[in-house]
Amino acid sequence: MRPALRLQLSLLLLDLCQALVMPHVQGRVSNNHMMSIIERPDTPLFCLNVCLHIKPERREEFLDCIRANQEGTLTTEPLAVTYIYGEDETTPDTWRFFEQYVGKEGFEAHAKTPHFAVWEAFASTDPFSAPPDVNFFVEDSALSVCAGAAALHEVLAEGDFTKLFCLAVQMHVKPQLRDSFLEALRADQQGALTSEPLAVSYLFGEDTENCNVFHMFEAYCGGRDGFTQHVQTPHYQKWADFKCAVEPFSAPASVGYYEVYLGVSE
């Protein structure tokens, strides 16, 4: 992919991540807010996949707190790139987050902000029904924005709402199969980047603390249909065949599904 096109698609994805709203919140963020973003660097970003299990009676308090944290993150932090979240597809009151920062220092700066301090205060009041699951990783490469990002941006630019179907994946890879695993996964990623009209983002990276543990984030337009189209592609079939043929995992892969809702206003 040409560098100019890659940069353009990267900026489009950053635009849409700035435009997130939850489905039960009817407010929309402004176009000016959408464009108040930093340019994605040509180096991999520091990422988080997070899963929080919230007590049902603390749900609304949690959402108020996390919206404020998101707003502060995207409007005041120069090293914050992406902050999206949504409820798990099958488990009520389980919330999944994906965040990106420019370097580990970007997340460390995030953790020192007033809005994060408010979140920490809330988290100290026992709102969780199970321990939080927080995973840090660095992107395998800076190539993560897929062909579908351009079409999604057009929808948002017209002031319409749309949604992304997202996946959070964790894989424990056998050390002796690491190289072949990465080759197969990068091939599937390249196919999604260049040829899928409903694919918006596809990225992965190794856990910062545990060798051979890899985390993924994927996002598709149009609900589950976008992901369904992905699994029907030739490049995904090659990835699926690889997994069946060599059994690269030392433990079962973990996959969580969730949706985030996006929109802009005039």
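**Labels and their cut-offs**

Analyst: Happy to! Leaving aside residues up to four places away in sequence, Arg178 touches Val173, Glu206, Asn212 and Phe214, where contact means heavy atoms within 4.5 Å. Please keep in mind that this is a predicted model, in which local features need pLDDT of at least 70, side-chain atom pairs count only at pLDDT 80 or more, and totals for chains, interfaces and linings use all residues. Residues are numbered from 1 along each chain as its sequence is written, and side-chain values use heavy atoms, with hydrogens and water left out.

User: Where is Arg178, and how far is Arg178 from Asn212 in sequence and in space?

Analyst: Arg178 lies in helix H7 (residues 178–195); a helix here is a DSSP run of H or I with at least four residues, numbered from the N terminus. Arg178 and Asn212 are 34 residues apart in sequence, with 7.1 Å from C-alpha to C-alpha.

User: Why is Arg178 called partly exposed?

Analyst: Buried means under 20% relative accessible area, exposed over 50%, and partly exposed in between (1.4 Å probe, protein chains only). Arg178 has 25%, so partly exposed is the label.

User: And what makes Cys51 buried but Cys211 exposed?

Analyst: Cys51 has a relative accessible area of 6%, so Cys51 is buried. Cys211 has 66%, so Cys211 is exposed. As for disulfides, a search of the whole structure finds zero; the test is a pair of cysteine sulfur atoms within 2.5 Å.

User: Why are H7 and H9 called roughly antiparallel?

Analyst: H7 and helix H9 (residues 234–246) pack at about 160°, with axes 8 Å apart. Axes are lines fitted to C-alpha atoms, for helices over the stretch in contact, and angles run from 0 to 180 degrees between N-to-C directions. Under 35 degrees counts as roughly parallel, over 145 as roughly antiparallel, 65 to 115 as roughly perpendicular and the rest as oblique. H7 and H9 are therefore roughly antiparallel. Among the H7 residues meeting H9 are Phe181, Leu185 and Asp188, and the H9 side includes Tyr236 and Trp239.

User: How do you know that H3 is roughly antiparallel to H5?

Analyst: H3 and helix H5 (residues 114–123) pack at an angle of about 160°, their axes 8 Å apart. That makes H3 roughly antiparallel to H5. Contacts between them include Phe62, Cys65 and Ile66 in H3 and Phe116 and Trp119 in H5. Phe62, Cys65 and Ile66 are also among the buried residues of H3.

Note on methods
Helix = DSSP H or I, 4+ residues; strand = E, 2+ residues; numbered from the N terminus.
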